[in-house]
Amino acid sequence: IDAAGDDVMEIKVSDDVFDYWHTGHAGSPFPKVLLRFDAKKRAYVVAPELMRKPPPTKTVLATHANFWKKISWDGSGGNPIPLPAGVSPQLFTTPWGYALELIYSGNPEAAREYIDLAWRENKEFASKQDFWDKFKAELQTSRFYAELSPVLIDLAKLP
């Protein structure tokens, strides 16, 4: 895709760092990463400047969080419920799928607020802090972490 609008193609890839993390493959979130060509390196590199998005409104965060108030975090919530209008189903495979989208777009504070709003007791994590500790440890194993962390992924802004 030409994400920069400069007639030079960028590549959109999926980060598989959370594949099978507390869920099956089909339920795993795959945050998107944009790569741009670096002529000096003669290689594609992560383009965090093209991934940055404005933070969502409080209403949008609450809408996303309220979805997880209706079903359990471990997927045993029973019958499927309708997704909020205009929301991608891929964001709702796990509660942390939307948090990852927020983090990969440079909005870790919004991710923290979203998890605070969406949090429910569950079988997967002993506490919210347990979730964050395991989540951050997993995030740091991403092959893109070193290039994203100085710009978008600020773990200091997460609990």
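The structure is a predicted model, in which local features need pLDDT of at least 70 and side-chain atom pairs count only at pLDDT 80 or more, while totals for chains, interfaces and linings use all residues. Residues are numbered from 1 along each chain as its sequence is written, and side-chain values use heavy atoms, with hydrogens and water left out.

The chain holds six helices and three strands, where helices (H or I, at least four residues) and strands (E, at least two) are DSSP runs numbered from the N terminus. Read from the N terminus, the order of these elements is β-β-β-α-α-α-α-α-α. Of the 159 residues in the chain, 42% are buried; buried denotes under 20% relative accessible area, exposed over 50%, and partly exposed the range in between (1.4 Å probe, protein chains only). Among the contacts in the chain with a separation of 6 or more, 58% are between residues 24 or more positions apart, a contact being defined by heavy atoms within 4.5 Å.

Helix α5 comprises 12 residues and spans 16 Å from its first C-alpha to its last, close to the 16 Å expected at 1.5 Å a residue; the expected span is 1.5 Å times one less than the number of residues. Within α5, the residues D130, F131, W132, F135, K136 and L139 are buried. The cover over the buried residues of α5 includes α3 (95-104), α4 and α6 (145-148).

The axes of helix α4 (residues 108-118) and helix α5 (residues 128-139) come within 11 Å and cross at roughly 140°. These axes are lines fitted to C-alpha atoms over the stretch in contact, and angles run from 0 to 180 degrees between N-to-C directions. On the side of α4 the contact is made by A111, R112, I115 and D116, and on the side of α5 by K128, F131 and W132. These residues divide into four nonpolar, no polar and three charged; Ala, Val, Leu, Ile, Met, Phe, Trp, Tyr, Cys and Pro count as nonpolar, Asp, Glu, Lys and Arg as charged, and the others, Gly among them, as polar.

Aromatic residues form 16 pairs in the structure. Rings of Phe, Tyr and Trp (its six-membered ring) pair if their centres lie within 6.5 Å; planes under 30 degrees apart count as stacked, over 60 as edge-to-face and the rest as tilted. The pair of W21 and F135 is edge-to-face, because the ring centres are 6.1 Å apart and the planes stand at 70°. W21 lies in the loop between β1 (11-14) and β2 (32-38) and F135 in helix α5, so the pair ties together parts that are 114 residues apart in sequence. Both W21 and F135 are buried. A tilted aromatic pair is formed by W96 and F131, with 6.2 Å centre to centre and 40° between the planes. This pair links W96 in helix α3 with F131 in helix α5, distant parts of the chain that are 35 residues apart. W96 counts as buried at 1% relative accessibility, and F131 counts as buried at 0%. One aromatic cluster is formed by F18, W21, W96, W119, F125, F131, W132 and F135.

In the segment after α6 lies L158, which counts as buried at 7% relative accessibility. Its contacts, leaving aside neighbours within four places in sequence, are with I103, P108, A111, R112, W132 and K136. L158 and E109 are 49 residues apart in sequence but 6.9 Å apart in space, C-alpha to C-alpha.
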